[in-house]
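Dear colleague,

I am passing on to you the structure that I have been looking through, and my notes on it come after it. Please have it open beside you as you read.

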Amino acid sequence: MEKILDIAEAIGHEKGLQPEKVMEALKTAFVQTAKRVIGQNFAFEADVDEDTKNLKIIQTITVVADNDEKLQDEEIAPAYISLTEAKEYDDQVEIGDQLQIDHDLEDYGRTAASQLHREIEYHIQRLVEDEIYNKYKSKVGTLVSGRVTRVDAQNNTYIEVDEIRAVLPMKSRIKGEIFEVGDHIKAVVRRVNMDKENGMQIELSRTSPKFLEALLELEVPEIAEGSVIIEKSARIPGERAKIALISTHPQVDAVGATVGVKGVRINAVSQELIGENIDCIEYTTIPELFVSRTMSPAIISHVEIVKNEEGENEKAIITLPTDQKSKAIGKSGINIRLASMLTGLQIELVENDAVTTNEDGTVEEKKESVDALEALFN
């Protein structure tokens, strides 16, 4: 094929691929075509002449001893030649040398041309898919947006994102969301799979904590530039979320910057999440203080961290006034669940009115007597 380098460059420009990778795909296509039309058991390689920009198919035959077992194997014998036979072509040849025979696929007629066309199409398509796969594999956890093209009977939403079609499963939608064809929506890339039967599949999510983080990065410049870092996040989609923030700059208030003036920034994110309430918490490495902050809006009296046998934090025993217990638990247990998700600890609540703290820091239950009750009214 003439001007193969120009062709590789043209394909690369059209498909958005590197010409070097296109060239390798073309070489593979030529070799596979040669194997199909000339001989499966022959050893071929494709070579490009930089001066003429032409591609040549070269059959390589390795010289072996006359009694070599490879010559007796019908499957691999065509790739080898005996020393005696090789000397008929070149009397200087030695064992281990390689003889090369040039082939021109044009000499094999329409069959070769048709096969070459299919091979080129196949390998270029695989290259395009690999490029897209690698591109979106690196985007897992990042925000993308696109237009809804279809909603199937199971309420899976298919979205056109740039050059690909992704799917937003029903389970990854916020409760109460309804999408129609033509809607533009945002989501994060949750998973990218590649298999032989279905090709590449890209799954999106709007329920992942990463979606909340990506929206905040989009809305809050301080997070985008790195002066405020989202250390941890937890959410119950469509209901409530908690995010732990830390400032890397002494003059930047992490919570204030994220909330914005009159809550304008956090409200914009909440609106995208169908009214999800978002609690912003200042992160600290002191576990007792961090647990206390995650229980907001409840006011905590005391936090005790219990470690497991390996010395890792496992459980938090929280002492609090009785009237704060309902706030700590939250509606349907949402507040305490989020606090547990954010801290990674089991949380146990103990009411102040029913406990006392010993000198060693352990919690002991009090038993109210009748005398204490009478003293209250006297």
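This is a predicted model: local features need pLDDT of at least 70, side-chain atom pairs count only at pLDDT 80 or more; totals for chains, interfaces and linings use all residues.

I begin with the salt bridges, of which the count comes to 16, and I describe some of them here.

Within helix H4, which covers residues 109–137, Arg 126 and Glu 129 lie 3 residues apart, about one turn of the helix, and their side chains meet in a salt bridge with an N to O distance of 3.0 Å. Arg 126 is partly exposed, at 28% relative accessibility, and Glu 129 is also partly exposed, with a relative accessible area of 22%.

In helix H5, residues 209–219, the side chains of Lys 210 and Glu 213 meet in a salt bridge at 3.8 Å, N to O, and because these two residues are 3 residues apart in that helix, about one helical turn separates them. Lys 210 is partly exposed, with a relative accessible area of 44%, whereas Glu 213 has 18% relative accessibility and therefore counts as buried, the limit being under 20%.

A further salt bridge joins the side chains of Lys 242 and Asp 279, at 3.1 Å from N to O. This pair links distant parts of the chain, since Lys 242 belongs to strand E11 (residues 240–247) and Asp 279 to strand E12 (residues 277–282), 37 residues apart. Both Lys 242 and Asp 279 are buried. Elsewhere, Glu 177, Arg 206 and Glu 272 are linked in a network of salt bridges.

On the surface, a patch of negative charge is formed by Glu 45, Asp 47, Glu 50, Asp 51 and Asp 102. Of these residues, Glu 50 has its place in the loop between strand E1 (43–49) and strand E2 (54–64), and Glu 50 counts as exposed, at 57% relative accessibility.

Strand E2 also holds Gln 59 and Thr 60. Gln 59 counts as buried at 6% relative accessibility, and, leaving aside residues up to four places away in sequence, Gln 59 touches Phe 42, Ala 43, Phe 44, Pro 78, Leu 99, Gln 100, Ile 101 and His 103. Thr 60 is buried too, with a relative accessible area of 8%, and, with residues up to four places away in sequence again not counted, its contacts are Ala 43, Glu 45, Ala 79, Gln 98, Leu 99 and Gln 100.

With kind regards

Notes: Residues are numbered from 1 along each chain as its sequence is written. Side-chain values use heavy atoms; hydrogens and water are left out. Patches are made of residues with over 30% relative accessible area and no salt bridge: like charges are joined within 9 Å, nonpolar side chains (Val, Leu, Ile, Met, Phe, Trp, Tyr) within 5 Å. Accessible areas come from the Shrake-Rupley method with a 1.4 Å probe; for residues, only the protein chains shown count as cover. A salt bridge is a side-chain nitrogen of Lys or Arg within 4 Å of a carboxyl oxygen of Asp or Glu. Lys and Arg count as positive and Asp and Glu as negative; His and the chain ends are not counted. The place of a charge is taken as NZ of Lys, CZ of Arg, CG of Asp or CD of Glu. Helices (H or I, at least four residues) and strands (E, at least two) are DSSP runs, numbered from the N terminus. Buried means under 20% relative accessible area, exposed over 50%, partly exposed in between (1.4 Å probe, protein chains only). Contact means heavy atoms within 4.5 Å.
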